[in-house]
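Take a look at the chain below. The paragraphs that follow lead through its surface, its helices, its core and its side-chain pairs.

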Amino acid sequence: MSGVKRKRNVLNVKQKLEILQKLDNGESARTDAEDVLNEGNTVSHSAALQYMETLLDYMGQRGFDYGAITAVRKIYVDIRQEMNEQQKQRRIADFLSSKCQKENS
């Protein structure tokens, strides 16, 4: 399993903004961040994409029909789009966070 990547927990934009607001109000946001990150056992996008690639390989080797393979590819594309959207939201939140920190300095 040398190719397995470690799961990375990431806050979404709304969660980051809520924590930043608490920090601005002088509250401790550490517990909130930990609670959010520990919610449920989630699979990262990259791990899901790896599983989908493995499934597609398996389906190809076993001769699954074109319709089934196309359906799995569609799910793969949906996961990739979701991952890209979340990365975009993280970049925006990081930018806003750094901008707020500069203004408060």
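Patches are made of residues with over 30% relative accessible area and no salt bridge; like charges are joined within 9 Å, and nonpolar side chains (Val, Leu, Ile, Met, Phe, Trp, Tyr) within 5 Å. Accessible areas come from the Shrake-Rupley method with a 1.4 Å probe, and for residues only the protein chains shown count as cover. A salt bridge is a side-chain nitrogen of Lys or Arg within 4 Å of a carboxyl oxygen of Asp or Glu. By these rules Leu17, Ile92, Phe95 and Leu96 make a nonpolar surface patch of about 350 Å².

This is a predicted model, in which local features need pLDDT of at least 70 and side-chain atom pairs count only at pLDDT 80 or more, while totals for chains, interfaces and linings use all residues. Residues are numbered from 1 along each chain as its sequence is written, and side-chain values use heavy atoms, with hydrogens and water left out.

Start with the overall fold. The protein chain has four helices and zero strands. Its pattern along the sequence is α-α-α-α. Helices (H or I, at least four residues) and strands (E, at least two) are DSSP runs, numbered from the N terminus. The accessible surface of the chain comes to about 8500 Å². Carbon and sulfur atoms hold 51% of that surface. Of the 105 residues, 21% are buried. Buried means under 20% relative accessible area, exposed means over 50%, and partly exposed lies in between (1.4 Å probe, protein chains only). Contact means heavy atoms within 4.5 Å. Among contacts with a separation of 6 or more, 60% join residues 24 or more positions apart.

Return to the patch. Helix 4 gives the most to it, with three residues. Ile92 is found in helix 4. Ile92 counts as partly exposed because its relative accessibility is 41%.

Now go inside. Which residues make up the largest nonpolar core? They are Ala48, Leu49, Met52, Leu56, Met59, Ile69, Val72, Tyr76, Ile79 and Met83, ten in all. Helix 3 (45-62) and helix 4 (66-104) are the elements that give two or more residues to this core. A nonpolar core is a set of buried Ala, Val, Leu, Ile, Met, Phe, Trp, Tyr and Cys residues joined through side-chain atoms within 4.5 Å.

Take Ile69 as one member of the core. Ile69 has its place in helix 4. Its relative accessible area is 13%, so Ile69 is buried. Neighbours within four places in sequence aside, Ile69 is in contact with Leu56, Met59, Gly60 and Phe64. Ile69 and Leu56 are 13 residues apart along the chain, and their C-alpha atoms are separated by 6.7 Å.

Move on to Met83, also listed in the core. Not counting residues up to four places away in sequence, Met83 touches His45, Ser46 and Leu49. His45 is found in helix 3. With 22% relative accessibility, His45 counts as partly exposed. By the same exclusion of residues up to four places away, His45 touches Ile79, Glu82, Met83 and Gln86. His45 and Ile79 are 34 residues apart in sequence, yet 6.7 Å apart in space, C-alpha to C-alpha.

Gln50 has its place in helix 3 and is partly exposed, at 33% relative accessible area. Gln50 and Tyr76 are 26 residues apart in sequence and 9.5 Å apart in space, C-alpha to C-alpha. Asn12 lies in the segment before helix 1 (13-24). Asn12 is partly exposed, with a relative accessible area of 34%. The C-alpha atoms of Asn12 and Gln87, 75 residues apart along the chain, are separated by 9.2 Å.

Turn to charge. Side chains of opposite charge can pair when their charged atoms come close. How many salt bridges does a search of the whole structure find? It finds one. Lys74 forms a salt bridge with Asp78, with 2.7 Å between the closest N and O atoms. Both lie in helix 4, four residues apart, about one turn of the helix. Asp78 is partly exposed because its relative accessible area is 33%.

Finish with the rings. Rings of Phe, Tyr and Trp (its six-membered ring) pair if their centres lie within 6.5 Å; planes under 30 degrees apart count as stacked, over 60 as edge-to-face and the rest as tilted. The count by this rule comes to one aromatic pair. Tyr58 and Phe64 form this tilted pair, 6.1 Å centre to centre with 55° between the planes. Tyr58 counts as partly exposed at 39% relative accessibility, and Phe64 counts as partly exposed at 40%.
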